[in-house]
Amino acid sequence: MKKPYTICHMMISIDGKITGDFFSYLESQQAGEYYDSKALIYGKKAWLCGKNTFIDNFPHQDKIDLSKYKGIVSTYDNYYLPSEENYAICLDRKGSILWASDKIEYPDHHFNKVLQVVTKQASFEYLGYLKSLNIPYIVNGENDLDLNSLMNTLFSQFKIDLLSVNGGGIINGSFFNEDLIDEISLIVSPMIEGNQGGSIADYKGTSPKFPKAFHLDKINRFGDTLEIIYKK
Ligand SMILES: NC(=O)c1ccc[n+]([C@@H]2O[C@H](COP(=O)([O-])OP(=O)(O)OC[C@H]3O[C@@H](n4cnc5c(N)ncnc54)[C@H](OP(=O)(O)O)[C@@H]3O)[C@@H](O)[C@H]2O)c1
């Protein structure tokens with residue numbers, strides 16, 4: 001199978017949490033800035049997140065009348081648009097995120113082209129709405145995504161040979177389960193979060209194939225921040 005080289009890039013607290021208040025503390029600033037600088041390198045072609053991460057962190061609209069987009073799309077084909085910017089790939093099986101624009105800013109001052117991945121659960125009206133906003137999309141699977149075939153499409157049709165998978169835990173869990181992650185990049189903030197937030201892999205599917213082993217490749221220290229790289 002052809003696929004992009006795939007790095008799971010995540011910022012965590014000492015206690016392994018990927019969400020929580022610790023992000024907003026001064027003590028996390030260095031880790032946050034370093035995380036973003038590496039996100040630009042790993043995601044220079046494309047970076048990918050689950051739907052919840054986009055909803056929690058990026059602008060979107062609450063309500064839209066999709067009926068006015070009826071008739072624009074009538075088949076479940078991919079809609080390919082080349083992009084000068086990195087693709088920001090959103091996995092959203094039912095087609096539910098209502099984007100405000102075809103571009104999102106991350107990190108600061110860097111614009112990314114949204115690429116939406118849905119299944120046939122998404123309506124033709126929703127796909128028509130994406131098309132009218134110039135948002136490319138991939139339709140993959142009936143009810144559930146086939147991540148192996150998705151990786152092949154990203155590589156072959158969208159010419160993506162490097163991919164950064166940036167969470168959250170649910171999406172990462174699905175990629176780890178299918179052995180699609182070649183490298184793990186952990187940036188550790190020197191804080192204990194102590195909340196109930198999840199870890200970098202939080203598999204919710206019905207066919208778990210865990211645990212998975214990786215090799216430690218390198219460790220770098222920057223002040224109180226730690227960078228840990230594992231490879232397959
Ligand atoms: N610390 C970090 O570096 C970091 C990085 C990223 C995110 N985060 C945080 O993580 C939190 C969100 O994480 P999360 O784990 O709740 O959500 P997530 O992984 O962002 O999104 C999960 C959703 O994606 C959809 N999905 C599409 N295809 C899927 C598949 N094959 N397998 C599983 N789900 C699929 C599902 O919604 P449908 O069923 O509707 O399709 C699922 O509920 C946010 O608060 C965010 O800020 C932290």
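## Aromatic pairs

There are 16 aromatic pairs here, where rings of Phe, Tyr and Trp (its six-membered ring) pair if their centres lie within 6.5 Å, with planes under 30 degrees apart called stacked, over 60 edge-to-face and the rest tilted. F54 and W99 are edge-to-face, because their ring centres are 5.4 Å apart and their planes stand at 80 degrees. This pair joins distant parts of the chain, 45 residues apart: F54 belongs to helix 2 (residues 51-57) and W99 to strand 5 (residues 98-99). Helices (H or I, at least four residues) and strands (E, at least two) are DSSP runs numbered from the N terminus.

A word on the source: this is a predicted model, so local features need pLDDT of at least 70 and side-chain atom pairs count only at pLDDT 80 or more, while totals for chains, interfaces and linings use all residues. Residues are numbered from 1 along each chain as its sequence is written, and side-chain values use heavy atoms, leaving out hydrogens and water.

## Helix 4

Which residues of helix 4 (residues 147-156) are buried? They are L147, L150, M151, T153 and L154. Viewed down the axis of helix 4, these residues fall within an arc of 160 degrees, so they line one face of the helix; the arc is taken from the directions from the helix axis to the C-beta atoms.

Terms used. Buried means under 20% relative accessible area, exposed over 50%, partly exposed in between (1.4 Å probe, protein chains only).
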